[in-house]
Amino acid sequence: MGKESKTIWDRLEDIPREVLYGILIITFIMPMLFPIGFPVPISPEVQRWYNFIDNLPAGSAIMIDFGYSGGGEPELGPMAVAVYHHIFRKGGLKAITMSTSIEGTLLWDKAMAEINPAQYGRQYGVDYIHIGYITGTETAMAAVGKSIRATTTTDYHGASLDSFPIMNGIDNAGDFSLLICYTTGGDQSEGWVRQWYTTYQTPYLCAVLAMMVPTMLPYQKAGQIVSLVSGAQAGQMELLVGKPARGIKSADVITMTHILCLVLVVVGNIAYFGKKFSGGKK
Amino acid sequence: MADFATVVQIWFAALFTIWIYSIAFRDNLFFKFAEHTFVGAAAGHSLVYGVDNVLRYGWAPFIAGNYLYIIVFILGLLLYTRYHGDYFWVSRFPLAVIVGIGIGLAMRTTVTAEFIAQIQSTAGTKLLGVDAWTAFSNLVFIIITLSVVYYFIFTFPKMHAGGLGIISTIAKYGMMAAFGYSFANTVLSRYNMIFGRFDFIMSTWLPLPYAMIALPVALILLIYSMIPAEKRPWPKTQK
């Protein structure tokens with residue numbers, strides 16, 4: 001049986017994945033080598049997030065959940081770093097961090113190395129602290145909300161919490177003015193709504209992977225989350241904070257790759273309809 | 001200049017990134033090595049944290065005088081009976097406690113957080129007293145919400161027959177739009193992840209000494225390993 005010759009529509013429909021990935025890599029690398037400088041408008045959600053932290057009174061304590069995994073670091077890491085810059089620059093705030101993700105403590109160390117809190121004169125144990133990875137996800141949130149010291153008595157290095165001035169007068173959810181969660185998991189982002197916002201009405205800022213935004217939007221609409229942002233919006237936060245870094249760098253690349261994605265969808269559709277109208281199979 | 005340990009770390013991270021992404025083109029030996037190493041490292045990391053958790057949240061309070069923690073230890077140990085052919089059923093007891101606590105904690109607020117609050121929010125959507133665009137958006141929101149709820153009433157098939165079928169059709173379009181939005185966001189997330197790794201390679205690894213030489217060597221080796229075993233001169237077998 002002779003091999004049937006492929007039409008142009010067949011070829012367009014069956015572009016080898018190696019070719020597609022090759023084009024994708026080139027589309028990634030070119031704007032990194034030759035930045036285009038697409039504008040980065042500030043969205044209302046990012047502005048609301050920024051304003052909320054900016055309006056916190058001095059002495060306010062913030063509970064931060066470093067709940068993302070290594071895979072989500074490229075997206076959520078820049079956002080977490082930009083927000084820490086804001087907190088440290090503003091000053092007078094107590095940033096108490098925990099992790100509901102097993103990789104959270106390692107990624108927190110990475111973020112701190114990137115931020116260098118000392119440039120703002122901030123000290124570990126005085127202005128910020130990490131109380132470690134607390135297992136159990138939603139159980140951990142409930143336990144920490146009830147009493148931090150009943151849950152853990154040490155920071156992530158094993159030093160007693162009572163030895164740190166930042167922990168004076170801080171023990172339960174009622175002592176916090178704000179909750180921030182960066183996460184790659186729905187258990188965390190939704191768990192905090194259930195265990196902290198619903199139980200203690202703690203204002204909640206949530207940063208998730210872009211793919212999780214549709215799931216979390218109803219919580220924002222219902223007022224359970226003050227501001228919901230995706231890590232992909234880190235560039236906007238960096239602009240507001242005045243610390244352009246990885247988030248801004250990604251803007252050109254993300255725009256170009258999305259244009260490529262659109263082009264490929266159009267090509268796929270042209271091939272589909274071309275084949276259909278030229279008498280080929282559907 | 002970064003210290004030696006950091007430099008080694010960067011080299012490993014960069015090479016493993018390239019090896020892992022190579023699966024996009026074809027399966028190969030380097031991908032397999034990177035994949036297995038990752039699984040091993042992740043398992044080791046989890047094990048260390050597991051032991052640390054037992055020490056921090058179980059053993060430390062126990063030796064501090066909270067002797068009731070013995071119950072937690074016993075329940076924890078009973079989980080391992082699942083590996084015993086005759087006594088595996090005992091492991092169901094600690095599992096029941098874990099599930100019970102989890103459900104209890106979630107349920108105490110689920111009704112408020114995910115049922116009442118969402119219904120209140122939807123019911124409070126305004127059509128009057130807002131600008132025209134917001135009113136239109138809210139109208140679309142209300143129509144799609146109601147039609148999707150209607151779509152999932154399976155008990156009475158006649159509700160989807162005849163002229164009423166239009167409601168299900170609207171629901172389908174609404175859901176397709178939502179899936180499209182979700183897909184677009186997923187693409188955004190994935191691209192961000194790739195960007196993060198590319199940025200690491202270009203900004204952190206390539207500026208290091210010899211990295212510019214290592215990159216083409218690594219790529220050539222990768223391409224060679226992707227050639228089917230029977231078509232390459234050596235080695236002729238691939239495990």
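A:Glu13 is partly exposed, with a relative accessible area of 35%, where buried denotes under 20% relative accessible area, exposed over 50% and partly exposed the range in between (1.4 Å probe, protein chains only). The structure is a predicted model, in which local features need pLDDT of at least 70 and side-chain atom pairs count only at pLDDT 80 or more, while totals for chains, interfaces and linings use all residues. Residues are numbered from 1 along each chain as its sequence is written, chains are lettered from A and ligands numbered from 1 in the order in which they are written, and side-chain values use heavy atoms, with hydrogens and water left out.

The side chain of A:Glu13 meets that of A:Lys275 in a salt bridge (3.1 Å, N to O), defined as a side-chain nitrogen of Lys or Arg within 4 Å of a carboxyl oxygen of Asp or Glu. Because A:Glu13 lies in helix 1 (residues 8-13) of chain A and A:Lys275 in helix 11 (residues 246-277) of chain A, the pair ties together parts that are 262 residues apart in sequence; helices (H or I, at least four residues) and strands (E, at least two) are DSSP runs numbered from the N terminus. A:Lys275 is buried, at a relative accessible area of 17%. Over all chains, 14 salt bridges are found, and A:Glu73, A:Lys110, A:Glu114 and A:Arg246 are linked in a network of such bridges.

Between chain A and chain B, the contact (heavy atoms within 4.5 Å) takes 58 residues from chain A and 44 residues from chain B. The area buried between the two chains is about 4300 Å², 63% of it given by carbon and sulfur atoms; buried area is the accessible area (1.4 Å probe) lost by two parts on being put together, summed over both. A:Met32, A:Met211 and A:Lys221 supply 14% of the area that chain A buries against chain B, more than any other three residues.

Three salt bridges are counted between chain A and chain B. In one of them, B:Arg26 pairs with A:Glu18, the closest N and O atoms being 3.4 Å apart. Helix 2 (residues 17-33) of chain A provides the largest share of the side of chain A that touches chain B, 10 residues. Both partners are partly exposed, B:Arg26 at 40% relative accessibility and A:Glu18 at 26%. B:Asp199 forms a salt bridge with A:Lys249, with the closest N and O atoms 2.8 Å apart. This pair crosses between chains, from helix 6 (residues 165-205) of chain B to helix 11 of chain A. B:Asp199 counts as buried at 7% relative accessibility, whereas A:Lys249 is partly exposed at 41%.
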